[in-house]
Amino acid sequence: MPHNPSLFPNDQLWPPIADRDFTLTVRRYVEEHVVPEADRIDAEDIYPAALARQMARAGYSSITLPAEYGGGDRPFAFALALFEEVAVGSAALAVSLLTTFQAQAIIRLFGSDTLKRRYLPQFANGLLASYALTEASHGSDIRTLDTKAIRCGERWILTGEKHFITSASGVDFFVILAETDVGVSAFAVPRDTPRLNVYEGRNSATFGLRNGPHMNLALDEVELPADHLIGTEGKGVRQAVTTLDYSRTLAAAISVGIARAAFDTAYEYTRNRRAFGQSVFEFQGIQWYFAEALADIDASRLQVFHAGKMLDTGEDIDRYGSEAKLRAAQVATRTASMAVQVCGAHGTMVNAPYSRFFRDAKTYEIAGGSTEILKNTIGKYLARGGGTLHK
Ligand SMILES: Cc1cc2nc3c(=O)[nH]c(=O)nc-3n(C[C@H](O)[C@H](O)[C@H](O)COP(=O)(O)OP(=O)(O)OC[C@H]3O[C@@H](n4cnc5c(N)ncnc54)[C@H](O)[C@@H]3O)c2cc1C
């Protein structure tokens, strides 16, 4: 049974926080193009290349890029609204867009003018990208990496292996982190670079956020021009962490979208399901579940959009992005769990969407910054006596 947000009787339950016209346009796009595909993407673990490319070409994946690079030049709230709405239809598709945003962000924030001029305009033309950090022995801890980069004259030579790379089955471009003599560094790597092999590993399938297998990248002396180093050699961890502050906030918006989808679908079902001569929703005990969930989701949405404002100003984004993702991921898991409960046996059915909501929500407590790492980031903010607001 596909989840159908248009069945919800009150469109005002989730009023647009960003620009109303933009948000409602995305909402309609999602109902028409994304909702019908969501269950299939999840069940078959498909990278939704055609939809991701269509959205990129429509300017969605470059919505915050400056106009000089062909972007929409919009504040971050537009991107958050986009990710929330897309995730109501399919968190997997939203994650496919997120990997592109993440690769774009590190070039926009740290890339040389040459790299920016070469790659940023391609995003508005539909370029899809992945961000490759994780290795078999390095997940949360990326201070050192087994993938190495050696400078040889005017070229870099990269050797090593990346694991768990989302969207990698279908993208055109990678940002890859590798260690040089002076530390971890980031590199721009077009997919068609010789001796870069993308393949499905033994552990490529996850139970949630299934947008195609999370691929392995094997780099066998991959040669890159010297100017494909992104930012400063040895500063890759700092750059990656700052970029993650942006993508974490987008991930938080995706979690809010998952929570909304679970809420709407369970609300619809319980209003129609009858027991003891009334609709299940009419039991006060059931309404309390929804009241808690609504309060949770509303608070999380506000937190996410506040973090978006901070991304526009650049203030304390480690704190606000981490808080937003920490809370939203937990709210999504709680709401998805509630949705299963109030729907009874129907909630546990394989052909109902609640298991997808629950699996996606739980997986986002780990992917893109685990709950524990987010708490560490907030703890570090507190330990240093706060950020710019407290100086
Ligand atoms: C669906 C999905 C998609 C992903 N996509 C990508 C991708 O596109 N690109 C990419 O590079 N990676 C990707 N990853 C990998 C992801 O970034 C890592 O899984 C994540 O960073 C955690 O690393 P790990 O799994 O190795 O856990 P580990 O680092 O082995 O950690 C295991 C547990 O210990 C906890 N832990 C670790 N360190 C600390 C600490 N200092 N304090 C307290 N607790 C700690 C962790 O939170 C976790 O609970 C993806 C993962 C998933 C699940």
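The structure is a predicted model, in which local features need pLDDT of at least 70, side-chain atom pairs count only at pLDDT 80 or more, and totals for chains, interfaces and linings use all residues. Residues are numbered from 1 along each chain as its sequence is written.

The chain holds 10 helices and 10 strands (DSSP runs numbered from the N terminus, H or I of at least four residues for helices and E of at least two for strands). Its C-alpha trace spans about 80 × 50 × 40 Å along the principal axes. The radius of gyration is 21 Å, which agrees with the value near 21 Å for a compact globule of 391 residues; it is taken over C-alpha atoms, and the globule rule is 2.2 Å times the number of residues to the power 0.38. Of the 391 residues, 52% are buried, meaning that 20 or more other C-beta atoms lie within 10 Å of the residue's own, with 12 or fewer for exposed, partly exposed in between, and C-beta atoms placed from the backbone. Among contacts with a separation of 6 or more, 77% join residues 24 or more positions apart (a contact requires C-beta atoms, placed from the backbone, within 7 Å).

Helix packing comes next. The axes of helix α7 (residues 284-313) and helix α8 (residues 317-342) come within 9 Å and cross at roughly 160°, and α7 and α8 are therefore roughly antiparallel. Here axes are lines fitted to C-alpha atoms, for helices over the stretch in contact, and angles run from 0 to 180 degrees between N-to-C directions; under 35 degrees counts as roughly parallel, over 145 as roughly antiparallel, 65 to 115 as roughly perpendicular and the rest as oblique. The contact of α7 with α8 has 15 nonpolar, six polar and four charged residues (Ala, Val, Leu, Ile, Met, Phe, Trp, Tyr, Cys and Pro are nonpolar, Asp, Glu, Lys and Arg charged, and the others, Gly among them, polar). Helix α6 (residues 236-272) also packs with α8, at about 20° with axes 8 Å apart, which makes α6 roughly parallel to α8. This contact has 17 nonpolar, seven polar and four charged residues.

Glu 161 lies in strand β3 (residues 155-165). This residue counts as partly exposed because it has 16 C-beta neighbours inside 10 Å. Beyond its neighbours within four places in sequence, Glu 161 is in contact with Glu 135, Ala 136, Thr 147, Asn 216, Leu 217 and Ala 218. Thr 313 is 152 residues from Glu 161 in sequence and 36 Å away in space, C-alpha to C-alpha.

Note on methods: Contact = placed C-beta atoms within 7 Å.
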